[in-house]
Amino acid sequence: MASYFKQLSDDMERVAQVVEHGAKFMMGESAHMGDQGNDATDPTIGGGGDVHGDGVGDAIFDDLENIEDAYESPLMGMADSVMSDIMSSQVGPQTSREHIEAFTAAITWNESFIKFLLAFNVLVVIAAVTLSRKGGIYTRMCFMIFVAIIVRLAERLNAIGASRWREFATQNYFDKNGIFMGIMVCAPLLMVCLFMLISMVMEASTLLVDVQQMKTKAQAKQKQKRGQKQKKDEKKRKKKE
């Protein structure tokens, strides 16, 4: 493997030499043109310039041919394969567990901004549980609308946070994709809304069962009353007979 990297370094040195020769050639050509303009009657200057230009040009072509031969050699192909293997091994997180670990490691959990977000999420959960048990239907609907407004404004809040994060955080959590806002703000709020919706559906189903039971009981009472009335009517008829 050391020979591969040595061959690669030699090729890079050849490229640098070609660039250097090219720069010298361009500078020599421009100086030669200036000398021809100033001393057009002196034949020695022009001839010397041509010889220098031809020598540099031949050196450049020779170096280019050497580089082409090096890149066509099998050693360069093997070096490319080694480098590609090295680069392919340096990849990011692959599994969901690795993604979660990378996300948690990237956040500074002891700073005030993160603590405020966590406290806000806890308060929202407590309010949702309290309203689901004791609140009325209109109170719960208003609370859900408030949560939906925050989720709807998450993109705008993410843009504001990206431009002013230095005022309240130690690093920029607000990327263009909104991953941080989605995980730390939108996901908990949406889970709270889902919990409240499930609670309302369960309550509605319980009320429906209660209404059905009350209806069944009412029908049973009406049947009993009708039966008692029929019995009384039969007794009256028997007495008359």
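These legends describe close-up views of one predicted model.

Residues are numbered from 1 along each chain as its sequence is written, and side-chain values use heavy atoms, with hydrogens and water left out. Because the model is predicted, local features need pLDDT of at least 70 and side-chain atom pairs count only at pLDDT 80 or more, while totals for chains, interfaces and linings use all residues.

**View 1. The fold of the protein chain.** The protein chain has eight helices and zero strands. Its pattern along the sequence is α-α-α-α-α-α-α-α. Helices (H or I, at least four residues) and strands (E, at least two) are DSSP runs, numbered from the N terminus. Of the 241 residues, 21% are buried. Buried means under 20% relative accessible area, exposed over 50%, and partly exposed in between (1.4 Å probe, protein chains only). Among contacts with a separation of 6 or more, 72% join residues 24 or more positions apart. A contact means heavy atoms within 4.5 Å.

View 2. H5 (112-134) has 23 residues. From first C-alpha to last it reaches 32 Å, close to the 33 Å expected at 1.5 Å a residue. The expected span is 1.5 Å times one less than the number of residues. The buried residues of H5 are Phe113, Ile114, Leu117, Asn121, Val124, Ala128, Leu131 and Ser132. They pack against H6 and H8.

**View 3. The largest pocket.** About 280 Å³ of space lies in this pocket. Of its 13 lining residues, the closest to the centre are Phe113, Leu117, Leu157, Phe174 and Met181. H5, H7 (154-164) and H8 each supply at least two residues of the lining. The lining divides into 11 nonpolar residues, one polar and one charged. Ala, Val, Leu, Ile, Met, Phe, Trp, Tyr, Cys and Pro count as nonpolar, Asp, Glu, Lys and Arg as charged, and the others, Gly among them, as polar. The search uses a 1 Å grid over the protein atoms alone; a pocket is an open set of points where a 1.4 Å probe fits, with protein on both sides within 12 Å along at least five of seven lines, and lining residues have an atom within 4 Å of a point. Grid points are joined across faces, edges and corners, and the volume is the space filled by probe spheres set on the points.

**View 4. Met184 in helix H8.** Met184 lies in helix H8. Its relative accessibility is 6%, so Met184 counts as buried. Met184 touches Phe103, Trp109, Leu117, Leu118 and Asn121, not counting residues up to four places away in sequence. Met184 and Leu117 are 67 residues apart along the chain, yet their C-alpha atoms are separated by 7.4 Å.

**View 5. Cys186 in helix H8.** Cys186 also belongs to helix H8. With a relative accessible area of 12%, Cys186 is buried. Leaving out residues up to four places away in sequence, Cys186 touches Val151, Ala154 and Met181. Cys186 and Ala154 are 32 residues apart in sequence and 7.2 Å apart in space, C-alpha to C-alpha.

**View 6. Asn158 in helix H7.** Asn158 is found in helix H7. Asn158 counts as buried, at 9% relative accessibility. Its contacts, not counting residues up to four places away in sequence, are Phe174, Asp175, Gly178 and Met181.

**View 7. The salt bridge between Arg140 and Glu203.** The two side chains meet at 2.8 Å, N to O. Arg140 lies in helix H6 (residues 137-152) and Glu203 in helix H8 (residues 179-240), so the pair ties together parts that are 63 residues apart in sequence. Arg140 is buried, with a relative accessible area of 4%. Glu203 is partly exposed, at 32%. A salt bridge is a side-chain nitrogen of Lys or Arg within 4 Å of a carboxyl oxygen of Asp or Glu. By this rule the count comes to three.

View 8. Arg97 pairs with Glu101, the closest N and O atoms being 3.4 Å apart. Both lie in helix H4 (residues 96-106), four residues apart, about one turn of the helix. Arg97 is exposed, with a relative accessible area of 62%. Glu101 is partly exposed, at 42%. Arg164 forms a salt bridge with Glu167, with 3.1 Å between the closest N and O atoms. Arg164 is partly exposed, at 46% relative accessible area, whereas Glu167 is exposed, at 57%.
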